[in-house]
Amino acid sequence: MKLLAIDTSNAPLIVAAAQNKQILAQTNDTNQKAHSTNLMPAIDQVTKKAGWQPQDIDRVVVAQGPGSFTGVRIAVTVAKMLAWTLDKELVGVSSLAALARNVHDTTGLIVPLFDARHQNVFAGVYQNNQEQLVSQLIDQHIALESLLSYLQKQTQPIYFLGTGAQNYHELITATLGSQAIILNEVAPQASSLVELGLNQQPVLDLDAFSPTYLRQTQAEMVWAQAHPHSQSTNYVEDV
């Protein structure tokens with residue numbers, strides 16, 4: 001199966017062309033402010049390097065979030081456009097799971113963290129089980145203090161990675177002590193996104209596929225404050 005994998009949910013812009021799990025071509029651009037302008041040229045460059053025509057793609061895999069609101073929206077929009085225009089399969093992968101999949105050879109808990117500011121994080125808790133990544137706590141937007149309180153009840157070693165782990169490492173280690181292992185060098189990789197995208201089922205309703213933000217955007221919060229008596233929960237339809 002030929003997969004095109006896309007991730008702009010965080011700092012790196014990742015695009016990869018893969019034949020099953022084998023990466024044929026990839027790019028990793030860390031200029032986050034240029035994702036909107038660099039994504040389509042990167043896709044063109046990677047597919048040409050792999051020797052593909054657009055119609056050769058069997059499945060589009062996209063990091064669905066959470067992460068940067070703008071970054072997630074860019075990748076999901078482009079992935080949906082490609083899947084729809086080319087009539088190809090689309091798979092959405094958790095950005096947290098894609099990061100967690102880079103931690104191998106451990107039976108401990110794996111906790112990817114994206115900094116959501118004000119000591120809040122986007123977080124999930126995962127564990128390797130016979131070469132499979134298994135979710136132990138659903139991805140969520142959570143106060144770091146609450147997450148650490150939950151993790152204090154666990155007995156395994158806990159591996160932290162991502163921007164939240166880097167920015168809050170002092171609080172994490174002060175709370176969990178030697179149980180916490182901070183992995184500063186682990187970054188998102190195309191190979192993990194490809195692997196997860198290969199093993200998941202494709203989206204059934206392309207129109208309904210949307211970014212996983214896990215909390216309201218700034219625009220939604222402003223709108224809700226301006227319309228306190230509204231019973232609607234669908235900001236997009238209302239505006």
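Beyond its neighbours within four places in sequence, Val15 is in contact (heavy atoms within 4.5 Å) with Leu4, Ala5, Ala25, Gln26, Thr27, Leu39, Ala42, Ile43 and Val46. A second, separate core of 26 residues includes Ala98, Ala100, Val103 and Ala190. The model is predicted: local features need pLDDT of at least 70, side-chain atom pairs count only at pLDDT 80 or more, and totals for chains, interfaces and linings use all residues. Residues are numbered from 1 along each chain as its sequence is written, and side-chain values use heavy atoms, with hydrogens and water left out.

**Largest nonpolar core**
- A nonpolar core is a set of buried Ala, Val, Leu, Ile, Met, Phe, Trp, Tyr and Cys residues joined through side-chain atoms within 4.5 Å; buried means under 20% relative accessible area (1.4 Å probe, protein chains only).
- In the largest such core, of 28 residues, Ile6, Val15, Leu39 and Ile43 touch the most other members.
- The greatest contribution to this core comes from α2, with 10 residues.

**Gln179**
- Gln179 counts as buried because its relative accessibility is 17%.
- The side chain of Gln179 reaches the backbone oxygen of Gln156 at 2.9 Å.
- Apart from neighbours within four places in sequence, Gln179 is in contact with Leu151, Gln154, Thr155, Gln156, Pro157 and Ile158.

**Confidence**
- The protein chain averages a pLDDT (the predictor's confidence in each residue, from 0 to 100) of 91, and 90% of the residues score at least 70.
- Residues 235–239 have a pLDDT below 50, and this stretch has seven contacts in the model beyond near neighbours in sequence.
- Where pLDDT is low, the predicted coordinates should not be read in detail.

Terms used:
Buried < 20%, exposed > 50% of the residue type's maximum accessible area, 1.4 Å probe, protein only. Polar contact = N/O pair within 3.5 Å; in protein donor to acceptor, adjacent residues only side chain to side chain. Helix = DSSP H or I, 4+ residues; strand = E, 2+ residues; numbered from the N terminus.
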